[in-house]
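Okay, thanks everyone, I'll keep this short. Let me put the structure up, and then we'll walk through it one chain at a time.

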Amino acid sequence: MAEFRARRGSNDNRRARPAPRRRTGFDVRAMPGAGTLAVATFFLLYIPMATLVVFAFNSGQSLSVWEGFSFRWFVSAWHNAAIQEVALRSLLIAVVAATCATIVATMAALATTRTAPYPGLTFKYAFINQPLMVPEIVTAVALLIVFSRLKVWTGYSGLGYLILAHTAFCIPFAYLPIRARLESMDLTLERAAADLYAPPLAAFRRVTLPLLKPGILAGFMLAFVISLDDVVITEFVKSGGQDTLPTYLLGQLRRGVSPDINAVATMFLALSAVVVTIYFLINRRRV
Amino acid sequence: MPSAAPHPAVRPRGARRGREIARRWLLSAPALLVILVAAVGPLFVMALYSVMAKGDFGDVRFGTFSSEGWFGVFFQRDIFDDTLTLADAHLTIFWRSVVLSLQTTLAALLLGVPTAYFIATRPARSREIWLFLITIPFWTNLLIRTFAIQEVIRNEGILNGALVGLGIVDRPVQIMFTDTAILIGMVYVYLPLMVLPVYASMEKIDFRLVEAGYDLYAGRLAVLRRIILPLARPGIVAGSILVFIPSLGAYVTPRVLGGGKNMMLGNLIELQFGPGRNWPLGAAISITLMAVVMLALLVYVRNATKGGQHG
């Protein structure tokens, strides 16, 4: 940043030079203040998360005074039966919902790409992306209304409702990368397969599916993270004793903070970061 | 639309085309069905609930229609003499939600646009890393991020620790459970939603145009105002909408940082379905919120198509 200011100070009146090859001369891309505000943004984004992670390793009870390094909160959180239960439930819901969402989204993507426009195509786009456009709290209370009645009528109040709700809002997240991938593939290879007398199903299994795999994987991972993160819809749809990790944490927060929660949050954060990193790497390789 | 490129193989005529379309509907049916059952359908049921009479213990008296729900959004009836007054509490919350969402959008613009510009002007290789640093918080659990900012701004948190330590204030400033806390929290959690779309449109800027501007003796401010910002406009509009909409419907952040008193619309809705036991009113407020969001989206779509014509 110092370099940034110095350059501006000394070169401000030297205009009209071609785009600099060397880093001397007038930089047309420089904009005073942008760097400072960008640094402020990165600090704002990372200081809170860093604080959370650092104090998860604190050996004392305090969340503001450092008393030494320790894993004790991770150990106690790991052995906490309640946390184990809700974490496993979160994972179960996320795996099932993301799998279902990815399967139906793949089918929908195959049905809505690589075609001349046909009646209902725009409607399908709008319908599939609908969960993205309505505030979560609105969907949550609407589901509460419908599912609470269904629970009374059918007598069933298991995890099915949560899985169904999660599948629905995961579909657009799974759909987008799969559709993007499909649109970058043309039909030549499939046509070649058909020329070689491959039945449509074989062509799909041996040609389309392998090519589509990165998109499907990316879609699954987005859906998985989205399901794992959900608080609002889960909070309203769950029956008694169906807390997931986020709703459990929300309940705990009301009782005040404790380093246990920091440890859980840190593990959760690490999981999200790993999934995002894999997603990022897959996407980069695709180019 | 990317599908505009013709795919001759899937453009059969007559009966074959009919079969093809039917097959495509069948293939997308499961996804559409799930969304109908667990997203779109319930919204219609909720609209129906908003015009029914409320039940004594929550829920509604099915089949008994009443306008009380919608009426209650704006007015309240005195329990003793039935005089009508404006529902001050609701209007305050409406107002707070709109103002806080606008402030959040503005703050996100102020920080997000320069950040996007900064990233867009990095060399290609380091650009990816900066972008990745924005993406990580974007995909991190919102509750955990809210929790993280809470640790920073609470009375014993590091912000107050630093302020007291540096002698700027003598005792911790109460930030938690105020509107300011909600504002800080929402800026923090929604900022990546601003940076990403603004970056996407700034990345495409042809810097020869900027150079031409300087050649024509424009100052930095003029270049920013007349070249960079207009070119980044689609991203700026998209980012503002992406920040404004979830802010307006925020539920977790005001609940954790605002405490019980500083409610936003999301919390008001929850109240009606919880202790308030007034489901029709809750449904009516939800529909109002949804209508505002749809309006904002409409503005965005109109803007986006206009932008497309220019570019």
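So, start with chain A: going from the N terminus, its elements read α-α-α-α-α-α-α-α-α-α-α-α. That's twelve helices and zero strands. Keep in mind as we go that this is a predicted model.

How much of chain A is buried? Of its 287 residues, 40% are. As for the contacts in chain A with a separation of 6 or more, 74% of them link residues 24 or more positions apart.

Now to where the two chains meet. On the chain A side there are 81 residues in contact with chain B, and chain B puts in 78 residues. Which elements of chain A give two or more residues to that side? You've got helix 2 (34-56), helix 4 (81-112), helix 5 (121-133), helix 6 (136-154), helix 7 (160-183), helix 9 (200-229), helix 11 (245-254) and helix 12 (259-286). Helix 2 of chain A brings the largest share, with 14 residues. And what's the make-up of the chain A side? By class we get 60 nonpolar residues, 13 polar ones and eight charged ones.

Okay, over to chain B. Here we have two domains, domain 1 at 2-85 and domain 2 at 88-310. Their centres, taken over C-alpha atoms, sit 28 Å apart. Where they touch, domain 1 of chain B supplies 16 residues and domain 2 of chain B supplies twelve.

If you look at the domain 1 side of that contact, the elements giving two or more residues are helix 1 (14-49), strand 1 (52-54) and helix 2 (68-74) of chain B. Helix 2 of chain B gives the most there, with five residues. By class, the domain 1 side comes out as eight nonpolar, five polar and three charged residues.

Last topic, the annotation. The UniProt entry for chain B, an unreviewed one, puts "transmembrane region" at residues 25-49, 93-117, 129-149, 181-200, 235-253 and 281-301. I picked two of those to check against the model. What does the chain do over residues 25-49 of chain B? That stretch is 100% helix and 0% strand, with its end C-alpha atoms 31 Å apart. Then residues 235-253 of chain B: 84% helix, again 0% strand, and 25 Å between the end C-alpha atoms.

That's what I had, so over to you for questions.

Key
Residues numbered from 1 in each chain as written. Chains lettered and ligands numbered in written order. Predicted model: local features only at pLDDT ≥ 70, side-chain atom pairs only at ≥ 80, totals over all residues. UniProt positions renumbered as here; feature names shortened; annotations may be inferred. Helix = DSSP H or I, 4+ residues; strand = E, 2+ residues; numbered from the N terminus. Buried ≥ 20, exposed ≤ 12 C-beta atoms within 10 Å, placed from the backbone. Contact = placed C-beta atoms within 7 Å. Nonpolar A, V, L, I, M, F, W, Y, C, P; charged D, E, K, R; others polar. Domains from an automatic or database assignment.
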